[in-house]
Amino acid sequence: MRAQDLDPRIVLTASGLLLGSVLLGFLGRHLLVRRLTNLRSVESVGTQDVILDGLSKVIFSLSIIGGLYGVSVAIPLSSILRSVAKEILLAAALLSVSIAAARTTGKLVGRYSSRHEKLPGATSIFANIARFFVLALGLLVMLQTLGVSVAPILTALGVGGLAVALALQDTLSSLFAGLHIIASKKLLPGDYVLLDSGEEGYVQDVNWRNTSLRTLRNNMIVVPNARLASAILTNYYQPSSEMALVIPVGVSYSSDLKKVEEVTDQVSREVLKGVEGGVEDFDPFVRYHTFGEFSVDFSVILRIKEPAHQHLIKHEFVKRLHRRYQEAGIEIPFPVRTVISQDGPDFEDRHLVRSGAVD
């Protein structure tokens, strides 16, 4: 049927249905977004904001699909074209709902895992797996609704699973390594870790392929899960984020070691109580350990709340200790080397003979 053969009333009705569906979609989305904004203004909200956010993203597309379906009904079409249009619109509606449900499920899983004490939070691997399964289920439902048998598809997937596993063995290895990392709870988002290869930083996220570390310089290090699972790492947040900070110091042999210990202890306590990051109720201590080449060496053991504070604590400790040592007359020695100069009438000749300048 040509466009000029259509009844103007039919064209007007179809246009009204399409325009009405667009306005209805905008209105519904506006109301949901407004409701969502009111919920987020409250301090304690549940999962309603996540669900409403998902509905606000799908309601407009569903309204358009509904308007197009009304247009297909209003316009006189052949039975074949009407059936095809109905199936296309139904598939589009199911696909939109599946995508929205997958996104909402992923957000709900991420929020639940971040709030639950026994589950590691802020890891996108669980959210990604949840999205994948919900989207796959939606696609299967869509195919079954359209009359496509899913049994042969599932059979083909089962038969081809081995080939897919062989082709994606690196990806699957990283996926299962990521699940193993999270399940073991030896490494959680927010922990500060040091790898045996030298990389260190805060764990930002563990996804299906790699783990992201944020360094103290605010850079991002991406480590494959398979490599991280086999690496020897130090987790500075387990069993506690507090850690000992050992600072080496040396004084001259002429120093009164008892006085040195007293002054150092006073400075250590001042730093722990007056500088951010120090554990105030910790008793610092000094341990002499070596008669060095030019100094008596010892270590000062402090305690800080987390690794990020070590640089500021060291900075203030060295600065204050240097000033106090100067006030107390305690010497921090320089390296000393003795050079013996040989003078004599035959020294130059012997040197020339060694160098080959004289036969």
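**A conversation about the model**

Guide: Arg 269 and Asp 283 form a salt bridge, with their closest N and O atoms 3.1 Å apart. A salt bridge here is a side-chain nitrogen of Lys or Arg within 4 Å of a carboxyl oxygen of Asp or Glu. This is a predicted model, in which local features need pLDDT of at least 70 and side-chain atom pairs count only at pLDDT 80 or more, while totals for chains, interfaces and linings use all residues. Residues are numbered from 1 along each chain as its sequence is written, and side-chain values use heavy atoms, with hydrogens and water left out.

Visitor: Where do Arg 269 and Asp 283 lie?
Guide: Arg 269 is in helix α8, and Asp 283 is in the loop between α8 and β7 (285-291); the pair links distant parts of the chain, 14 residues apart. Helices (H or I, at least four residues) and strands (E, at least two) are DSSP runs, numbered from the N terminus.

Visitor: Is Asp 283 buried, exposed or partly exposed?
Guide: Asp 283 is partly exposed, with a relative accessible area of 49%. Buried means under 20% relative accessible area, exposed means over 50%, and partly exposed is in between (1.4 Å probe, protein chains only). Arg 269 is also partly exposed, at 31%.

Visitor: Which residues are linked in a network with Arg 269 and Asp 283?
Guide: Asp 265 joins Arg 269 and Asp 283 in a network of salt bridges.

Visitor: How many salt bridges are there by this rule?
Guide: The count comes to six salt bridges. One of them pairs Glu 270 with Arg 324, at 3.3 Å from N to O. This pair links helix α8, which holds Glu 270, to helix α9, which holds Arg 324, and the two residues are 54 residues apart. Glu 270 is partly exposed at 38%, whereas Arg 324 counts as buried at 17% relative accessibility.

Visitor: What about Glu 242; which residue is its partner?
Guide: Glu 242 forms a salt bridge with Arg 303, and their closest N and O atoms are 3.2 Å apart. Glu 242 is in the loop between β5 and β6, and Arg 303 is in strand β8, 61 residues away.

Visitor: Changing topic: which residues have the most contacts inside the largest nonpolar core?
Guide: They are Phe 298, Leu 302, Phe 317 and Tyr 325, in a core of 25 residues. A nonpolar core is a set of buried Ala, Val, Leu, Ile, Met, Phe, Trp, Tyr and Cys residues joined through side-chain atoms within 4.5 Å. The elements giving two or more residues to this core are β6, α8 (257-274), β8 (296-304) and α9 (310-328). Strand β8 gives the most, with six residues.

Visitor: And what is Tyr 325 in contact with?
Guide: Leaving aside neighbours within four places in sequence, the contacts of Tyr 325 include Val 249, Val 251, Val 260, Phe 298 and Ile 332. Contact means heavy atoms within 4.5 Å. Apart from this core lies another, of ten residues, among them Ile 181, Ile 182, Val 203 and Leu 213.

Visitor: One last topic, the backbone. Which residues does the cis peptide bond join?
Guide: The cis peptide bond joins Gln 238 and Pro 239, with omega about 0 degrees. Pro 239 lies in the loop between β5 (233-235) and β6 (243-251).

Visitor: What is the phi of Asn 218?
Guide: Asn 218 has a positive phi of about 70 degrees, although it is not a glycine. Asn 218 lies in the loop between β3 (210-214) and β4 (220-224), and is exposed, with a relative accessible area of 58%.
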